[in-house]
Amino acid sequence: VRKVTTNTLLKMKAAGEKISMLTAYDYSFARIFDSAGLDVILVGDSASNVMAGHETTVPITLEQMIYHAQCVVRGIDRCLVVVDLPFGSYQSNSDVALASAIRIMKESGAHSLKLEGGEEIAESVRRIVNAGIPVMGHLGLTPQSIYKFGTYTVRAREDAEAEKLKKDALLLQDAGCFAIVLEKIPAQLAKEVSESLHIPTIGIGAGKHCDGQVLVMHDMLGINNDFNPRFLRKYLNLHDQIVEAVGKYVNDVRASDFPNEQEQY
Ligand code: KIV
Ligand code: NA
């Protein structure tokens, strides 16, 4: 198997080949996604929402992210694995950021990390990259700052925020990032940012001109029935299929239909 590396992604952008990324948080799904030909798996801090049931990504800890990353890494043959640094593990200063980054890399076996923010974290990005750890940036709607934004709506619609985002993207590229996630920004802005960089942009709710796309696995598989933003394409309706399957199982058990003669020893 030819493994996907950060260099592969740079070459894909140069060749105009789009990059596919999904989140995963455990061994079994990571293994399926890897075998399906996906390029990148993100161990997202969205685990805080979809795995732990928290309302935001703020509470998830470094230890919990390391656990999810360890599980995912065991399922991988060829995907590049990116792990989110969680809220509180890097914002205070670059010494803390570097220590957190090194911990995830040592303890999980993942290949790279993702941090939210621009200028504010550029020095941390530079130091982590200088330590030999590939870093993915994340601009636009950065959910760890939800209490600053107050809402999960589209970011950078106003000129000032759009200008800062363009500058931040160039700063992150200069700091050594190998790619940047652009979350929930206007498609035209994402197009301009993508064209201004030699590193790939990976969009979520950021339009078709990004160099790649990412979705949360629970969203694209339709596991979560009541999350239906405009940007989301659902490839399955697993919620309804699972409800139906569990309902049938309950009925079969109650009717003493399961197990039958062939299903016992
Ligand atoms: O945690 C996550 O799932 C993410 C993606 C939405 C980019 O950061
Ligand atoms: Na995240």
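Here is a short talk about a predicted model and the terms used for it.

Colleague: How are residues numbered in this model?

Modeller: Numbering starts from 1 along each chain as its sequence is written, and chains are lettered from A in the order in which they are written. As the model is predicted, local features need pLDDT of at least 70 and side-chain atom pairs count only at pLDDT 80 or more, while totals for chains, interfaces and linings use all residues.

Colleague: Why is Glu-183 called buried?

Modeller: A residue is buried if 20 or more other C-beta atoms, placed from the backbone, lie within 10 Å of its own, exposed if 12 or fewer, and partly exposed in between. Glu-183 has 22 such neighbours inside 10 Å, so it counts as buried. The unreviewed UniProt entry annotates Glu-183 as "active site"; such annotations may be inferred rather than shown by experiment.

Colleague: What makes S6 a strand, and where is Glu-183 in relation to it?

Modeller: Strands are DSSP runs of E with at least two residues, numbered from the N terminus. S6 covers residues 179-183, and Glu-183 is found in it.

Colleague: How do you know that S7 and S8 pair?

Modeller: Pairing requires that DSSP finds at least two bridges between two strands. S7 (residues 201-204) and S8 (residues 212-215) are joined by 2 bridges and run parallel, with Ile-202 partnered by Gly-212 in S8.

Colleague: And which strand pairs with S8 over 4 bridges?

Modeller: That is S1 (residues 19-23), again in the parallel sense; Leu-22 stands opposite Leu-215. Altogether, 8 strands close into a barrel in the order S1-S2-S3-S4-S5-S6-S7-S8.
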